Amino acid sequence: MPGFALSEFPPLALGFFGLGTGYLIWGPQELFGFPPRSPSVDRTVGTWGIWMPGFCQLVTGLILFGGLTWFPVFDEPPLYMAALAFSAYGIHWFSLGWNRYRGNDPQPNAGMAVAFALLSILGIIVFFSAGEWPVGVLFVGLTWVYLSEVFASIGKSAAERSLGLAHTLTGLWLMYLTYAAVLNLALGYQLPLN
C-alpha cells in the first residue's frame, strides 16, 4: 500500500464555523428571546441547526477520522479528540435541529446534555494537556453549554438564559478559531490556535 503524504490542512475551520454559526443563531434567541419562539421561527432555527452545526461538524469529523485511520494524512494525536467531538456533536445537532423543527419536547435533552458535558470535559483534559489552550477554552465553553442545557431542558428559565449566553460567547470564540485556522494556514499568520 502506498504511503500518504502528511497534510497540514485538517478541515478544522469548517467545523468551527458551522458550530459557531449555529451558536450565533440559537444563542441570542435563547438569551434575548428574539425572535420570539413560534412554529415558523422554530422551523427556521431547526433547519439552521441541522445544516450548519450538524452537517459541517459531521463532515469535519469524518474527514478527520479518515485522515487519521484509513488514509493517514494527519498525525497529531489531539486530532483524534477533535474527530470524536466534531462527529458526535454534528450527529447530535441533526437531532437538536430536527426536534426544534418539529416542535418536539426538549425534556429528553437533559440526558443527552449530561453525556455531552462529559465529552466536553474530556476535550478540556485532552486539549489543555496537549498545550492547545485555545481549543481547550472552546471545550470549557462547550461544558458550560451542556451543563446549562441539562437545566434548560427541564424548563428552568434562568438556565435558558445561561444557555443563550454560553451559546453566544462560545459562538464568538468559534469565529475566532475559524479566523485563526484559516489565517494561519492560508497566510502564515501565527494566531494562537494550538
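These are my notebook entries on what I looked up in this structure.

**Ground rules**

I am working with a predicted model, in which local features need pLDDT of at least 70 and side-chain atom pairs count only at pLDDT 80 or more, while totals for chains, interfaces and linings use all residues. Residues are numbered from 1 along each chain as its sequence is written, and side-chain values use heavy atoms, with hydrogens and water left out.

**Entry: aromatic pairs**

I began with the rings. Rings of Phe, Tyr and Trp (its six-membered ring) pair if their centres lie within 6.5 Å; planes under 30 degrees apart are stacked, over 60 edge-to-face, and the rest tilted. My search of the whole structure turned up 14 aromatic pairs. One of them joins Phe16 and Phe86, which are tilted, with 5.8 Å centre to centre and 55° between the planes. This pair links distant parts of the chain: Phe16 sits in helix 1 (residues 12-32) and Phe86 in helix 3 (residues 78-102), 70 residues apart. For the helix names I rely on DSSP runs (H or I, at least four residues), numbered from the N terminus.

Are Phe16 and Phe86 buried or exposed? Phe16 is buried because its relative accessibility is 3%, and Phe86 is buried too, at 8%. The cut-offs I use are under 20% relative accessible area for buried, over 50% for exposed, and partly exposed in between (1.4 Å probe, protein chains only).

Next I looked at Trp98 and Tyr101. Their ring centres are 5.9 Å apart and their planes meet at 15°, so I noted the pair as stacked. Both residues lie in helix 3, three residues apart, about one turn of the helix. Trp98 is partly exposed at 45% relative accessibility, and Tyr101 is partly exposed at 33%.

I also found a cluster in which ring pairs link Tyr89, Phe116, Phe127, Phe139 and Tyr146.

**Entry: a charge over a ring**

Which residue lies over the face of Trp26? I found Arg100 there, at 4.5 Å from the ring centre. The test is that NZ of Lys or CZ of Arg is within 6 Å of the ring centre and within 35 degrees of the ring normal.

**Entry: the nonpolar core**

A nonpolar core is a set of buried Ala, Val, Leu, Ile, Met, Phe, Trp, Tyr and Cys residues joined through side-chain atoms within 4.5 Å. The largest one has 43 residues, and Phe16, Tyr23, Leu64, Tyr89, Phe139 and Tyr146 touch the most other members. Helix 1, helix 2 (39-68), helix 3, helix 4 (109-129), helix 5 and helix 6 each supply at least two residues of this core. Which helix gives the most to this core? Helix 3 does, with ten residues.

**Entry: pockets**

On a 1 Å grid over the protein atoms alone, a pocket is an open set of points where a 1.4 Å probe fits, with protein on both sides within 12 Å along at least five of seven lines; lining residues have an atom within 4 Å of a point. Grid points are joined across faces, edges and corners, and a volume is the space filled by probe spheres set on the points.

The largest pocket has a volume of about 450 Å³. Its lining has 27 residues, with Pro10, Leu12, Glu76, Leu193 and Asn194 nearest the centre. Helix 3 gives the most to that lining, with six residues. I sorted the lining into 20 nonpolar, four polar and three charged residues. In this sorting Ala, Val, Leu, Ile, Met, Phe, Trp, Tyr, Cys and Pro are nonpolar, Asp, Glu, Lys and Arg are charged, and the others, Gly among them, are polar.

The second largest pocket has a volume of about 370 Å³. Of its 21 lining residues, Arg37, Arg100, Pro106, Asn109 and Glu149 lie nearest the centre. This lining divides into nine nonpolar, seven polar and five charged residues.

**Entry: a few single residues**

Thr47 belongs to helix 2 and is partly exposed at 34%. Thr47 and Trp98 are 51 residues apart in sequence, with 7.4 Å between their C-alpha atoms.

Where is Pro35? I located Pro35 in the loop between helix 1 and helix 2. The peptide bond from Phe34 to Pro35 is cis, with omega near -5°.

Pro72 lies in the loop between helix 2 and helix 3.
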